Amino acid sequence: MKQANFHSIIFRTKRIFAHWVVNLLGPTDQFVMRHRILNGTLFAGLIAMAVGLGSEFFREGFEVGGLLALWAAFAFTILFYYLSRVKRYFEILILPTFVISSLTACLQIKYSGGIVSANVMLLAPILVLNMLILGKKWDSFAIVFFVVLLFAINMVQESNPSWFSDYSSVKARSEDFLITAVSILLLLGLMLRTLNRSYEDAITEVSRLKYQQDGDYYLTSLLTRPLSGIRNRSKTIKFSSYIKQKKSFQFKNREYELGGDICVTDQIVLRGRSYCVFANGDAMGKSMQGAGGVLVFGTAFRALIERTHRDGILSHYFPERWLHSALDDLNNVFEGFDGSMSMSLVLGLVDEKTGYMYYINAEHPFPIRYRDGKAQFLSEQVTNFKLGMQKDRARIETCWIRPGDTIILGSDGRDDLEIGFDETKNRVINFDHTSILKQVEETKAEIEDLGKRLQTIGELTDDLSFLSIQFVQIPENRSKMNSQKFEGIIKILKENRDLEALEYLEKEIITENENPLLWKLLYQVYKKLGRYAQAGQACETFSILHPSGLQMIWNGVIQYTKAGKIAEAIEMAERIYSRKPEVIPVLKILIKLYKKSKQLERVDEYKNALQRLYS
């Protein structure tokens, strides 16, 4: 029971003391540190002058005329103490406080008998206080002023000792010295308490703001989380991702990350064929700014995927056209920010059956292929701009992913490592973009190990992300056609028995529709028979089953053109142009086709492109 009462008394004492300090120095939300120092200085001055006045009263009464100045300073200090509690009076009180503290010090020195040690004791804390109040702009002035004042007082003491109280007894001088010492110690104690309280309030405010900021970070991370990640469930295309954002924070005792890197995958169906769509992006900025870019991109990307699932037009696009359309849509979103937000990106598609990959590199680090223990860049040509800065038509790159290959996409955090300091103590940043290849080989393209290894080599200066792609070929029923059957069909074709070969091929294609060789033979038969539309269709089907064959796509352009199917011919020609924009015959036929379709704007566009190639 007694212990409980003791704790209760301590608690009440703390509350009373805290309440007294708040009343003395002012509430936290109203005062910054300089306000508090001014307020505390004035209060300390009140105490010091009260002690001095009490000393003179009991020693000589109030008959000394010089004490009137000290009384005036005391009265003005009381007035300024209450005025300083109002923020708008702070600036106009700085100079009067400086003058009052200086005059008070001089008066205290005069009536203490001019003891040099007492002079220093009194002037030193007043100098510190005035430096804190005046700030950096005038602190040198305060130092010079008080040093000059100290020397001036000593000179005056030597030339006019009668101006100072002269106590003949050692006791009187000791009393004066003691009173001065007590006054200074009290002033210093209040000054330190004022500073401590100011720093405590500042730290409390910073902690509160930090907690609020971490709460904002947490909510933003919750928004970005569902927009990224591996969403496809393909049996043949395997994705894995690794992200280490530069900004990490704690909220409610849990660790979270926030940044501008994103890895996302999904599935779509184009022209009845299943593709895995993927993206690895790096938004401009870090922490909140980068996360804002991720929110914008992730939302636009999700809308694009959903629109592809529901919109019959998009689902009938060829992979090349879908990629162009997707990039244009994403770029238009970022262009709305007028350059204040951009994003580097690798956006692509992988055919689930063949492992053929189409991708656009929008100013992102080069993709890496790891094959047979050797890592190399897929392409080292930067031909496209970031999202938000796209001007020209993007170029599409392609490659086959063989079983056992690993394709690795990564942000520039993989290269921008701080690897030490030079002789002048400046940071050394890695500028060798090929060094990542060695790390991929040593980690055998395991991106989790790769990310951790890079962090042991150097310190991350940017967000880091990796997205790996692997193709696992599932055994299918092999073709029922043997080599003898193919040789028989070819023999029939050489003997110009085209109708017989056509009948046989059309029968076989029912069960062998995934065999590109049959479609190639069908193209040859249709072409010889003058069935141009069907020949174009055969080329189109072949190009889907064997998409790296640009010659068959070109054959499809020719056949569709002969059949008068201009729209289909344009689609096929655009597929070649998106991959090989420097091929002049493709540009020429596109100009002719767009003229026939009366799309004059496109005619001018390709004429300008052709002119650039000639120049």
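Visitor: With which residue does D415 form a salt bridge?

Guide: This is a predicted model, in which local features need pLDDT of at least 70, side-chain atom pairs count only at pLDDT 80 or more, and totals for chains, interfaces and linings use all residues. Residues are numbered from 1 along each chain as its sequence is written, and side-chain values use heavy atoms, with hydrogens and water left out. A salt bridge here is a side-chain nitrogen of Lys or Arg within 4 Å of a carboxyl oxygen of Asp or Glu. The closest N and O atoms of the pair are 3.8 Å apart, and the partner of D415 is R414.

Visitor: Is D415 buried or exposed?

Guide: Buried means under 20% relative accessible area, exposed over 50%, and partly exposed in between, with a 1.4 Å probe and protein chains only. R414 and D415 fall in one class, and that class is buried.

Visitor: How many salt bridges are there by this rule?

Guide: Side chains of opposite charge can pair when their charged atoms come close. Counted by the rule above, the salt bridges number 25.

Visitor: Which residue meets E540 in a salt bridge?

Guide: E540 lies in helix α15 (residues 532-545), and its partner sits in the loop between β5 (261-270) and β6 (273-283), so the pair ties together parts that are 269 residues apart in sequence. Helices (H or I, at least four residues) and strands (E, at least two) are DSSP runs, numbered from the N terminus. The N to O distance is 2.6 Å, and the partner is R271.

Visitor: Over the face of which residue does R271 lie?

Guide: A charge sits over a ring if NZ of Lys or CZ of Arg is within 6 Å of the ring centre and within 35 degrees of the ring normal. R271 is at 4.0 Å from the ring centre, and the ring belongs to F318.

Visitor: What is the N to O distance between E574 and R602?

Guide: E574 is in helix α17 (residues 566-579) and R602 in helix α19 (residues 600-614), 28 residues apart. E574 is buried, with a relative accessible area of 10%, while R602 is partly exposed at 25%. Their side chains meet in a salt bridge, N to O, at 3.4 Å.

Visitor: What is the angle between the planes of Y218 and F251?

Guide: Rings of Phe, Tyr and Trp (its six-membered ring) pair if their centres lie within 6.5 Å; planes under 30 degrees apart count as stacked, over 60 as edge-to-face and the rest as tilted. The whole structure holds 13 aromatic pairs. Y218, in helix α7 (residues 170-224), and F251, in strand β3 (residues 247-251), are 33 residues apart in sequence, so their pair ties together separate parts. The pair is stacked, at 4.9 Å centre to centre, and the angle is 20 degrees.

Visitor: Which backbone nitrogen does the side chain of N331 reach?

Guide: N331 lies in helix α9 (residues 319-335) and is buried, with a relative accessible area of 5%. Contact means heavy atoms within 4.5 Å; leaving aside neighbours within four places in sequence, N331 is in contact with K386, L387, G388, M389 and Q390. At 2.7 Å, the side chain of N331 reaches the backbone nitrogen of G388.

Technical notes: Polar contact = N/O pair within 3.5 Å; in protein donor to acceptor, adjacent residues only side chain to side chain.
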